[in-house]
Amino acid sequence: ILQELSNYVERCHACALNVVQQLAALNSPVEEFYAATFRDVRLEAAFESLGELLALLVTVDAAVQQNEALNAAWVDYKRLLQRVRTDPDSWASALGGSDSAARLAKFERLLADLDRTVLRGACFRACAEQDFEELDVDDGARTTINVRSNGTLLKEFERAVKSMLERCSAVVATPGETTERQQLDGVVALYAYWRRLAPAAVERD
């Protein structure tokens, strides 16, 4: 279950990275199609979807951090693994048969990945700390895309956050409220994401 959750979180990270890079490409003043097409287009739906995805990661983090039983069991499990490490051959059947040392090393790498993200409640943080400017291209080569110094993109982020916040705030605690309170989680997560992308010198409104 934890590995499936980790795979899901990694997929969320990849999707968030892709959305940001696509938004950066569409909101690049140096590209001809920006002036011709996207300069006056507000892609708020894309920002809303990104906010929903980020809110999922925050929810996973909160669920893990607040689950005392899971945290205690994880500590015990790592202690057990130390015993396995001292005598892997005695645990060969549990590790899947022969070559127990190699299987143990592979298993430890898997646990280290889980410990670094999912079980530390750091899924959102890991997503926000990705390298947004490195882009894989079809032939396996790497190129860069302007994200952090793309003022147009950052303004669109800011505009979307303000618009979403105003829309939700206007309805929360009124008879017309439906899911706006939950949507605020995505707005706050999107704001934190934008602050991570923006240079430190950019003023906070």
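The model is a predicted one. Its secondary structure consists of nine helices and two strands, and of its 205 residues, 34% are buried.

**Overall fold**

- Along the sequence, the elements run in the order α-α-α-α-α-α-α-β-β-α-α.
- Among contacts with a separation of 6 or more, 67% are between residues 24 or more positions apart.

**Nonpolar core**

- In soluble globular proteins, nonpolar side chains tend to be buried together.
- The largest nonpolar core here has 43 residues, and those touching the most other members are Leu54, Leu57, Phe157 and Tyr193.
- Two or more residues of this core come from each of α1 (2-26), α3, α4 (68-86), α6 (100-116), α7 (123-128), α8 and α9.
- Leaving out residues up to four places away in sequence, Phe157 touches Val20, Phe47, Leu50, Leu190, Tyr193, Trp194 and Leu197.

**Packing of α3 and α9**

- Helix α3, which covers residues 44-65, packs against α9 at an angle of about 95 degrees, and the two axes are 7 Å apart.
- Because angles of 65 to 115 degrees count as roughly perpendicular, α3 is roughly perpendicular to α9.
- On the α3 side, the residues that meet α9 are Phe47, Leu50, Gly51, Leu54, Ala55 and Val58.
- On the α9 side, the residues that meet α3 are Asp185, Gly186, Ala189, Leu190 and Tyr193.
- Sorted by class, this contact between α3 and α9 has eight nonpolar, two polar and one charged residues.
- Two of the residues in this contact, Leu54 and Tyr193, are also among the core residues that touch the most other members.
- Phe157 touches residues from both sides of the contact, including Phe47 and Leu190.

**Glu177, in the loop between α8 and α9**

- Glu177 sits in the loop that runs between α8 (151-169) and α9 (180-197).
- Its relative accessibility is 22%, so Glu177 counts as partly exposed.
- Apart from neighbours within four places in sequence, Glu177 is in contact with Val171 and Val172.
- A polar atom of the Glu177 side chain lies 2.7 Å from the backbone nitrogen of Ala173.

**Thr117, in the loop between α6 and α7**

- Thr117 belongs to the loop between α6 and α7.
- Thr117 counts as buried because its relative accessibility is 15%, and buried means under 20%.
- Setting aside neighbours within four places in sequence, the contacts of Thr117 are with Ala122, Cys123 and Ala126.

Methods. Residues numbered from 1 in each chain as written. Predicted model: local features only at pLDDT ≥ 70, side-chain atom pairs only at ≥ 80, totals over all residues. Heavy atoms only, no water. Helix = DSSP H or I, 4+ residues; strand = E, 2+ residues; numbered from the N terminus. Buried < 20%, exposed > 50% of the residue type's maximum accessible area, 1.4 Å probe, protein only. Contact = heavy atoms within 4.5 Å. Polar contact = N/O pair within 3.5 Å; in protein donor to acceptor, adjacent residues only side chain to side chain. Axes fitted to C-alpha atoms, helices over the stretch in contact; angles between N-to-C directions. Parallel < 35°, antiparallel > 145°, perpendicular 65-115°, else oblique. Nonpolar A, V, L, I, M, F, W, Y, C, P; charged D, E, K, R; others polar. Core = buried A, V, L, I, M, F, W, Y, C linked by side-chain atoms within 4.5 Å.
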